[in-house]
Amino acid sequence: MGAKSKSDIIQELFTVLSEIPDFQYSVEELYELLEQTDYKIPKKGTKLYPSTAWGKFMSEKKKSSKSMTDSKEIGAQWEIIKNAEDQTEFQKYQKLANDENVLKGLPLNPDGTVIKSTSMPLNKKLRLQLIQERQKQKNVDGEDNNDEFTKPIYSGKGVKWVSENYKQWKLNELGKNSIDTIPRAELKQFHVDDSYTKESYDESKPWYQYIETNMAYCLDH
């Protein structure tokens with residue numbers, strides 16, 4: 001296997017950073033910050049990152065005030081806007097981001113925000129497409145797969161991982177989608193509440209082999 005590309009290393013780093021408790025930026029927002037620098041990301045055409053309200057705010061501040069180079073100061077201003085009772089200013093930046101995402105051809109939710117899977121890594125997108133095609137083929141073949149066809153899709157590679165089975169079970173318990181995330185601080189508390197450990201994993205746990213039993217998935221070989 002060859003060395004990882006610069007793009008893959010950046011993606012992995014940003015993903016890890018975004019999962020740190022109390023870290024204020026998402027993966028997409030970190031890419032927006034990176035675009036404010038002279039650092040060039042190799043263009044491979046495998047990922048398309050959406051614009052965000054935070055990114056539009058950051059761009060405006062950088063352009064309008066050359067003296068305002070302290071990202072912490074800008075970040076503090078953004079937190080006030082984002083959490084304000086009056087969301088007028090926040091919605092202004094959100095609309096700018098939404099309009100830009102429409103021009104990029106990105107799929108949007110009904111509220112105008114980008115569907116979360118948009119910046120999904122290429123290998124995960126391919127896994128997702130394979131699962132969807134398998135479901136369609138079973139339906140065409142007339143197999144008795146009503147339940148299989150309506151199962152939520154798990155497009156990750158951790159089908160047999162204890163942590164992933166627990167997370168997918170917990171997302172279902174919380175009424176969330178399989179692609180949703182759980183903030184790390186909340187996840188740690190859930191671990192305590194549910195007596196979760198990687199070492200204790202058997203049929204007595206409701207998350208035991210949860211993905212294989214309750215979801216449509218694809219194993220990497």
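Glu60, Glu85, Asp86 and Glu89 form a patch of negative charge on the surface of this predicted model. Of these residues, Glu89 belongs to helix α5, which spans residues 88-104, and is partly exposed at a relative accessible area of 40%. The protein contains 10 helices and zero strands, and five salt bridges are found in the structure.

**Confidence and burial**
- The average pLDDT of the protein is 75, and 63% of the residues reach at least 70.
- Mean confidence is lowest in helix α7 (residues 146-150), at 62, and highest in helix α10 (residues 210-214), at 93.
- Where pLDDT is low, the predicted coordinates should not be read in detail.
- The protein has 221 residues, of which 35% count as buried.

**Salt bridges within a helix**
- Lys95 pairs with Asp99 in a salt bridge whose closest N and O atoms are 2.9 Å apart.
- Both Lys95 and Asp99 sit in helix α5, four residues apart, or about one turn of the helix.
- Asp99 is partly exposed, at a relative accessible area of 37%.
- Lys167 and Glu164 form a salt bridge with closest N and O atoms 3.6 Å apart; the two residues are three residues apart in helix α8, about one helical turn.
- Glu164 counts as buried because its relative accessibility is 14%, under the 20% cut-off, whereas Lys167 is partly exposed at 23%.

- Lys160 forms a salt bridge with Glu212, the closest N and O atoms lying 3.2 Å apart.
- This pair connects the loop between α7 and α8, which holds Lys160, to helix α10, which holds Glu212, across 52 residues.
- Lys160 is exposed at a relative accessible area of 52%, while Glu212 is partly exposed at 25%.

Conventions
Residues numbered from 1 in each chain as written. Predicted model: local features only at pLDDT ≥ 70, side-chain atom pairs only at ≥ 80, totals over all residues. Heavy atoms only, no water. Patch = residues over 30% accessible without salt bridge, like charges linked within 9 Å, V, L, I, M, F, W, Y side chains within 5 Å. Areas by Shrake-Rupley, 256 points an atom, 1.4 Å probe, with all protein chains shown as cover. Salt bridge = Lys/Arg side-chain N within 4 Å of Asp/Glu carboxyl O. Lys, Arg positive; Asp, Glu negative; His and termini not counted. Charge placed at Lys NZ, Arg CZ, Asp CG, Glu CD. Buried < 20%, exposed > 50% of the residue type's maximum accessible area, 1.4 Å probe, protein only. pLDDT = per-residue confidence, 0-100.
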